[in-house]
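Welcome to this tour. Please open your viewer, colour by chain, and follow along one selection at a time.

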Number of protein chains: 4
Amino acid sequence: MANLVRFGVSLEDALLKRFDQLIKEKRYSSRSEAIRDLIREELIKKNWRSGKEAAGAITFIFDHHQSELLNKITSIQHDSHSLIISSQHVHLDHHNCLEIIAVKGKPRDIEGLFNGIKAVKGVKHATLTITGKGGEW
Amino acid sequence: MANLVRFGVSLEDALLKRFDQLIKEKRYSSRSEAIRDLIREELIKKNWRSGKEAAGAITFIFDHHQSELLNKITSIQHDSHSLIISSQHVHLDHHNCLEIIAVKGKPRDIEGLFNGIKAVKGVKHATLTITGKGGEW
Amino acid sequence: MANLVRFGVSLEDALLKRFDQLIKEKRYSSRSEAIRDLIREELIKKNWRSGKEAAGAITFIFDHHQSELLNKITSIQHDSHSLIISSQHVHLDHHNCLEIIAVKGKPRDIEGLFNGIKAVKGVKHATLTITGKGGEW
Amino acid sequence: MANLVRFGVSLEDALLKRFDQLIKEKRYSSRSEAIRDLIREELIKKNWRSGKEAAGAITFIFDHHQSELLNKITSIQHDSHSLIISSQHVHLDHHNCLEIIAVKGKPRDIEGLFNGIKAVKGVKHATLTITGKGGEW
């Protein structure tokens, strides 16, 4: 477990009152827990911009009846196998599949893989979400 | 397969030239493919705001050594079992796990589940990404 | 001046170290100042979603040679005069103007005005940015 | 006026139907107008990432009773006078002012100015919004 450090913060009382209300709505157990989340969110954005390694998920929907689509997606994933940790696949309905790929690597490489998947004909929507790679905080 | 409809678009030539360059960089096979992507992106934002059912992914990192964390996360997921399609779990390092849950449901319910997970002590970062539920386009 | 309240926050030491580095890069004078900013950002997002009055700015670029454009934009602004506080106008080059409108009102009304301006033929790009209306914290 | 070029786009009919509905809601006069907006939005994001010159607005709220705040903000603006085109100032209530600065320059410089303003004690919230600098499309 990490060592905890304690320090004081001063806020305007009106601001603190509204923050406490937000904490309640978002179901945080303490102010520290909520503040930690805000800080980590900022750090993840900063790391991404500065090119540091990150983990994340590429989520996309596609119509598996589109010819050659499965082959293309599989081939793209194999070309980036070192970035991909694992994937899960969901059959949404008769036509549509949802696939989520867990990734880990440099922002530039993850974005390359993301653009490659997004551009395949038959991929209807793709998103990229980024988190830390663990261990940095 | 869906029926394709064809229509004409007029653009300023300077704008089209830059768009064609973007298409090349993003590796799209045609202008239509790139335009479809821009449109679907807009529609997904609109559906989410208007409360229509969507699919998506909740991604989070946590330290599995934090006491009671696994029990709490499992319990939260069971309470929302009707929203959750499946999940994948990755061991990032000795301490940290990455978990990605595929979800489907109303925005309000998905956000409730997301806030619940995010607020658990020991969950270091959580993101929510939304896509269509397939079949709507 | 608002009353300041002081409370303690506990963070993992690795997280605090990175936060202090971020504070230095962003030139904040204290941890409290940085934390206030993170909290206000969250509150502004929440207020906007829940429909509470806000202030903000609508920024757009247009080609003033486009026929009827100035008349249309002026007419749209007059229809929403109660939302608009003031505007500034910049001549970017021979063709292009940048206009920034300071607004105050309900999210739904501000978005209506924004969509109206964005849709005018000849408006090349429009953005909407939201802040508090002052006085709430 | 710019030369218009016309080309054909093919879309799935279900997608086009929903797009036409979105166009109606957002009050666009034609599909071309809506598609132009989506494309410009993408191009502006791309230009910003690649460091090309842009125009934009820095919007912030502050309490003018905070000692030394006006001097600090004015001093920061003078240090970046080559980036700043003009500014407008609104008295929101007895305590709070809204100031909007129209800027033009390199992303790195604009972000530096933005961080400088955001970090001043008494500045309660600041946003940065970016558009094109005109003339590029």
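How far apart do the closest C-alpha atoms of chain A and chain D lie? Select both chains to see: the distance is 10 Å, and no contact joins chain A and chain D, where contact means heavy atoms within 4.5 Å. Chain B and chain C do not touch either, and their nearest C-alpha atoms are 10 Å apart.

A word on how to read this tour. This is a predicted model, in which local features need pLDDT of at least 70 and side-chain atom pairs count only at pLDDT 80 or more, while totals for chains, interfaces and linings use all residues. Residues are numbered from 1 along each chain as its sequence is written, chains are lettered from A and ligands numbered from 1 in the order in which they are written, and side-chain values use heavy atoms, with hydrogens and water left out.

**Stop 1: chain A against chain B**

Now select chains A and B. Here 51 residues of chain A are in contact with 51 residues of chain B. Together the two chains bury about 4200 Å², with 53% of it on carbon and sulfur atoms; buried area is the accessible area (1.4 Å probe) that two parts lose on being put together, summed over both.

On the side of chain A that touches chain B, helix H2 (31-49), strand E2 (54-63), strand E3 (84-91), strand E4 (96-105), helix H4 (107-118) and strand E5 (123-131) each supply at least two residues. Helices (H or I, at least four residues) and strands (E, at least two) are DSSP runs, numbered from the N terminus. E5(A) gives the most to this side, with seven residues.

Two salt bridges are counted between chain A and chain B, a salt bridge being a side-chain nitrogen of Lys or Arg within 4 Å of a carboxyl oxygen of Asp or Glu. Zoom in on B:Lys118 and A:Glu41, which form a salt bridge with their closest N and O atoms 3.9 Å apart.

**Stop 2: chain C against chain D**

Select C:Glu41 and D:Lys118, whose side chains meet in a salt bridge (4.0 Å, N to O). This pair crosses between chains, from helix H2 of chain C to helix H4 of chain D. Is D:Lys118 buried or exposed? D:Lys118 is buried, with a relative accessible area of 12%, whereas C:Glu41 counts as partly exposed at 28%. Buried means under 20% relative accessible area, exposed over 50%, and partly exposed in between (1.4 Å probe, protein chains only).

Then pick C:Lys26, in the loop between helix H1 (13-25) and helix H2 (31-49) of chain C. Leaving aside its neighbours within four places in sequence, C:Lys26 is in contact with A:Glu42, D:Asn115 and D:Ala119.

**Stop 3: chain D against chain B**

Finally, select D:Arg40 and B:Glu12, a salt bridge with the closest N and O atoms 3.8 Å apart. The pair runs from helix H2 (residues 31-49) of chain D to strand E1 (residues 4-12) of chain B. D:Arg40 counts as buried at 3% relative accessibility, and B:Glu12 is buried at 15%.
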